[in-house]
Amino acid sequence: MTEPPTSAEHAAIPPAPAPLPDAPGSSETEIVLARAAGERVNILLVDDRPDKALAMQTVLASLGQNVIQANSGKEALRCLLEKDFAVILLDVNMPGLDGFETAHLIRQRQSTEHTPIIFITGISDTETHMSRGYSLGAVDYILTPVLPDVLRTKVSVFVDLFKMNRQLKRQAERLRLAHDQSEIRVQERTLELAAANQKLRLEIAERQRAEENIRQTAAALEQRVLDRTAELAAANQELEAFTYSVAHDLQAPLRNILSYTELLQGESASLLPPESAQYLQRIASRGKYMEQLISHLLNLSIIGKQGLQRTAVDLNALVDEVVASLKAETNGRRIEWKTQPLPTEECDASLVKQVFANLLSNAVKYTQPRSRVLIEVGQLKVDGETAIFVRDNGVGFDMKYAGKLFGVFQRLHPAGAFEGTGVGLATVARIIHRHGGRIWADAVENKGATFYFTIGRGRVSSA
Amino acid sequence: MAKETYTVLLADDSEDDRLLLRRALRKKPRFALVGEVYDGEAAIAWLAGQGDYKDREKFPFPDVLMLDLKMPRMTGHEVLAWLQTRTFSNLRVVVVSGSFLPRDIARSRELGADAYFKKEAQEEQQYAMLSDIEELLDHAC
């Protein structure tokens, strides 16, 4: 802000205002205002006497503004139509429309309602004129003879006032423009925001739709998994039932074949050449093998059909029974049986007995080549669970084939090397899985094998 | 009370099984095979002395019925059930079946069978079974 000037003449000139803070192009504003300050204003001089008018014109010249002269009230009114005036110097004594009447008319026009009017009047008429004049809206009086300074001063006041007003109007206009512009900007931004918002909303809706889609797909997939699982369980059951009925139906005719074979061997032995007798023998032995196989398959398929009867079973008792019967079978051999104490478990006694019977008889079988046999039974902790193990120092197997151990008909040794149908371990595995437990094995070829199993709590569905 | 010989009625639909059991019975002098029927209906008719089997001379009431389970028209279990509605105090019933399913065994016992045997291929085992039946009959009251 600049210092306001001290000279009385220019007292009314307002200091150049600071540029509007948010107005676009503030330097532009300064130029406009400067120009506004320098722009000339119009002064209307209304006097019928040209010599008087001329004298006043001369005085007013130094103000550097536009002085327009009108000879009559009528002419004045006409001038006022054409331009804006900062001040009107109005002679009171005029023929035709006098000053007062003119002032009245001026005041009646909206455009000139507030234009300052300075009456020019003679000293002698002052008192009467003044009151009338003021009531007509005059702002000041100048007495004739006119004192130049007085005239200049009074007029310049209104000139400055007009200029100030003009500046203010322009400022206001600028402000309004700027305001409009920023309004426009605000509107634009608002529209952009609305658009962005809309876009966002659409994205969110899209995302929600996608999520819903995924959720539905996941639910559908889950349902399909459930359906497939049920189908699988049903198929498994059908397979077990099929295995059972096939095995069962095969038993009777096979039994008959074996019987007739035996009869032939008995009665016709003397009649048959040695080769034929041998063939008969092979028929009998293969038939017996088939009988065993079918019996094991039947056993295997039955496990699925029967429910699990869990009771608290002392596993030591089971092991003792199995070992006792195996000892009877292996009378000639030297077998060291090491049995650690085993826990009591909630399980199906007859099925778990089958497990021990199978694992222990396998241990006996695969230690045949050994002169010193050690078979151990014990328990250990695996992943916080109690696991039972059966260990032997027999021929073991190649761990490469560990995955095939529990498959039906899987044999890891050539048929004939060790008796067996290849169904036993599959049966054991099924029993364990029915209990919800796990079974696995560890072996080193020619060193021995260890079979581990856990007896789970929960029942696994047909698998 | 023990008898010198026991008469046997055999109920089995399998020709082979009948033939083989017939041979096995021949080795046991204390058993006299008096008849063979092929299904449950015939077994009941014989035991009741009805229809074709009225003549007790030709179709004598047996000491022991050797009963197969799987037969057409009426099964062994159905025959057992019928027997429970009668009181033949002198009749022993032993089931001789190809099945060794626990539920078949249990059901037979429930229905009043005196013993249950699985059919065997080997003669030795058949002989052992007949010996067991002999003992059962000797000790029955």
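Q: Which residue takes a positive phi in the hairpin of S9(A) and S10(A)?
A: A:Asp383, with phi near 50°. The hairpin has 2 residues between the strands. Bear in mind that this is a predicted model.

Q: And how do S9(A) and S10(A) pair, parallel or antiparallel?
A: Antiparallel, over 8 bridges. Strand S9 of chain A covers residues 373–382, and strand S10 of chain A covers residues 385–392. A:Val382 stands opposite A:Glu385 in S10(A).

Q: What about S10(A) and S12(A), how many bridges there?
A: There are 5 bridges between S10(A) and S12(A), residues 448–453, and the strands run antiparallel. A:Asp392 sits opposite A:Ala449 in S12(A).

Q: Switching to the largest nonpolar core. Which of its residues touch the most other members?
A: A:Val355, A:Phe356, A:Leu359, A:Leu360 and A:Val428. The core has 41 residues.

Q: Which elements give two or more residues to this core?
A: In chain A, helices H7 (274–305), H8 (315–329), H9 and H10, plus strands S9, S10, S11 (439–444) and S12. H9(A) gives the most, with 9 residues.

Q: What is A:Val428 in contact with, leaving aside its neighbours within four places in sequence?
A: A:Val355, A:Asn358, A:Leu359 and A:Ile439.

Q: At what angle do H9(A) and H10(A) cross?
A: Roughly 145°, and the axes come within 9 Å. H9(A) spans residues 349–366, and H10(A) spans residues 424–434. The crossing is left-handed.

Q: Which residues make the contact?
A: From H9(A), A:Leu351, A:Gln354, A:Val355, A:Asn358, A:Leu359 and A:Asn362. From H10(A), A:Gly424, A:Thr427, A:Val428, A:Ile431 and A:Ile432. By class, the contact has 6 nonpolar, 5 polar and no charged residues.

Q: Why would residues three or four places apart point the same way?
A: An α-helix has 3.6 residues a turn, so residues with that spacing point the same way.

Q: Another helix pair, then. How do H2(A) and H6(A) cross, left-handed or right-handed?
A: Right-handed. Their axes come within 9 Å and cross at roughly 65°. H2(A) is residues 50–61, and H6(A) is residues 148–267.

Q: Which residues make that contact?
A: A:Met56, A:Val59 and A:Leu60 come from H2(A). A:Pro148, A:Leu151, A:Arg152 and A:Val155 come from H6(A). The classes are 6 nonpolar, no polar and 1 charged.

Q: How many residues of chain A are in contact with chain B?
A: 7 residues of chain A, in contact with 8 residues of chain B. The chain A side divides into 2 nonpolar, 3 polar and 2 charged.

Q: On to chain B. How many helices and strands?
A: 5 helices and 5 strands. From the N terminus, the elements run β-α-β-α-β-α-β-α-β-α. Of the 141 residues in chain B, 33% are buried.

Q: What is the strand order in the chain B sheet?
A: S2-S1-S3-S4-S5, an open sheet of 5 strands with parallel pairing. The edge strands are S2(B) and S5(B), residues 115–118. Neighbouring strands are turned by 25° against each other on average, direction ignored.

Q: How many bridges pair S1(B) with S3(B)?
A: 4 bridges, in the parallel sense. B:Leu9 is opposite B:Leu65 in S3(B).

Q: Where does H1(B) lie?
A: Across S1 and S2 of chain B, running at about 165° to S2(B). H1(B) covers residues 15–26.

Q: Now H2(B). Which of its residues are buried?
A: B:Gly40, B:Ala42, B:Ala43, B:Ile44, B:Trp46 and B:Leu47. The helix runs over residues 40–48.

Q: What do those buried residues pack against?
A: Strands S1 (6–11), S2 (31–37) and S3 (64–67), and helix H3 (76–84), in chain B.

Q: Which residue follows H2(B)?
A: B:Gly49, whose phi is positive, near 70°.

Q: Last one. What share of the chain B contacts with a separation of 6 or more comes from residues 24 or more positions apart?
A: 65%.

Conventions:
Residues are numbered from 1 along each chain as its sequence is written. Chains are lettered from A and ligands numbered from 1 in the order in which they are written. This is a predicted model: local features need pLDDT of at least 70, side-chain atom pairs count only at pLDDT 80 or more; totals for chains, interfaces and linings use all residues. A residue is buried if 20 or more other C-beta atoms lie within 10 Å of its own, exposed if 12 or fewer, and partly exposed in between; C-beta atoms are placed from the backbone. Two residues are in contact if their C-beta atoms, placed from the backbone, lie within 7 Å. Ala, Val, Leu, Ile, Met, Phe, Trp, Tyr, Cys and Pro count as nonpolar, Asp, Glu, Lys and Arg as charged, and the others, Gly among them, as polar. Two strands pair if DSSP finds at least two bridges between them. Axes are lines fitted to C-alpha atoms, for helices over the stretch in contact, and angles run from 0 to 180 degrees between N-to-C directions. A crossing is left-handed if the near helix is turned anticlockwise from the far one by less than a right angle, and right-handed if clockwise. A nonpolar core is a set of buried Ala, Val, Leu, Ile, Met, Phe, Trp, Tyr and Cys residues joined through C-beta atoms within 7 Å.
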